[in-house]
Amino acid sequence: MLKRVLPCLLAAVMLLTGCQTQSNQEQNTADAQTTETTQTTQETEQPEEAETRIFVDSADREVEIPTQIDKVAASGVPAQMVLFTVCPDKMVGLARQFSEEKLKYLDEKYQNMTEFGQFYGKNANLNMEALLKADPDVIIDIGEYKDSIASDMDGLQQQIGIPVVFIEADLENYDKTYAMLQDLLGEEEPAATMEEYARMTIEQAKEISAQIGEEEKKSVYMALGENGLSTNAKGSYHAQILELVGAENAADTQMDSKGGGSEISFEQLMLWNPDVIITDQEDTYQMILQDEMWSTLDAVKNGQVYKIPTAPFNFVSDPPSVNRLIGISWLGNLIYPEKYSFDQQTLIEFSDLFYHTALTEQDAQEILLHAVAE
């Protein structure tokens, strides 16, 4: 009897086990399908990254810009200067071509770029056809804040049909300028390093200049133009660097907003009789040293006439942009050598970071010819 029942029990157990296994397999398959369906649904339901976003510029304008910015254009030369330092390979053209003097020290790929001209203002000469062909994602204006800037930007944006943003840039807030550019362009590096360099340089200059007493201050005259009788007056945007380093701008005269500066007479210059004279042209530098009339000035008598370095970019103005950061160290050291530090290595390191160019010691020596005390 037991022999007949035992096989039946084994068969029943095997059948039960088989059914249970099949049931488990079916359940696992169902669970897997449910999981896959859930994952697919979640992936489908995830929102796609927005193609545009709102950027609030320095004029408090809300501008709709692409989330991903790959191509930019500068509205003018000051903006071009800043953008060249932070994102040169995103620039689809230039407001003004680089001169031969500048290109000597810059990468060849920046030669013969499309020239757009000045986008707005009294000197506007925008090449609209070239701009539309280049098709930038955004137009960036960087520079001095003016009461009309918001309406200027709105008008320009309406005219060309491309987003236009304004970022304020003043000699004392270039760190904030680079911080905004990081947000706008997504360029964390090298913009973050430039932001820190600007902050430290400006803070140091403020600390030093605050410690310079009135009796220690030296007066400086900027001799511009062929005859040296154009200058950037005290308080002007183009002459900010003089006051920041603790010097007295000798040109206490009416400001002229033109790039060429204010016109003065030699009689006025004689009354000012500056301690130091700086000029940005070699011919003007030589004229000042050789002209009998100029030789009556104390700066000439004392050998305190210097040429402003202009390569790769001008150290003091032209344009009045971030190129002035290296000018702070240079001019400060020139006037107050015991307070500011500057040498060829300073220029080499700055050019590597900001201008993406590897200057040699010979390059630095050429650039600083007649620009440092012997």
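Me: How many residues does helix H7 have, and how far does it reach from its first C-alpha to its last?
Reply: H7 covers residues 191-210, so to speak 20 residues, and reaches 28 Å, close to the 28 Å expected at 1.5 Å a residue. Bear in mind this is a predicted model: local features need pLDDT of at least 70, side-chain atom pairs count only at pLDDT 80 or more, and totals for chains, interfaces and linings use all residues. Residues are numbered from 1 along each chain as its sequence is written, and side-chain values use heavy atoms, with hydrogens and water left out.

Me: Which residues of H7 are buried?
Reply: Ala-191, Met-194, Ala-198, Thr-201, Ile-202, Ala-205, Ile-208 and Ser-209; buried is under 20% relative accessible area, exposed over 50% (1.4 Å probe, protein chains only). Down the helix axis they fall within an arc of 130°, so they line one face of H7.

Me: And what's exposed on the face turned away from that side?
Reply: Glu-207 and Ala-210.

Me: Which helices do the buried residues pack against?
Reply: H2 (77-86), H6 (174-185), H8 (240-244), H12 (324-335) and H13 (344-354), with contact meaning heavy atoms within 4.5 Å.

Me: Switching to the sheet: what's the strand order?
Reply: S8-S6-S10-S11, an open sheet of 4 strands with parallel pairing; strands pair if DSSP finds at least two bridges between them.

Me: How many bridges join S10 to S11?
Reply: 3, and Tyr-306 in S11 is the bridge partner of Ile-278.

Me: Which strands does H12 lie across?
Reply: S6, S10 and S11, running at about 150° to S10 (angles run from 0 to 180 degrees between N-to-C directions).

Note on methods:
Helix = DSSP H or I, 4+ residues; strand = E, 2+ residues; numbered from the N terminus. Expected span 1.5 Å × (residues − 1). Arc of directions from axis to C-beta.
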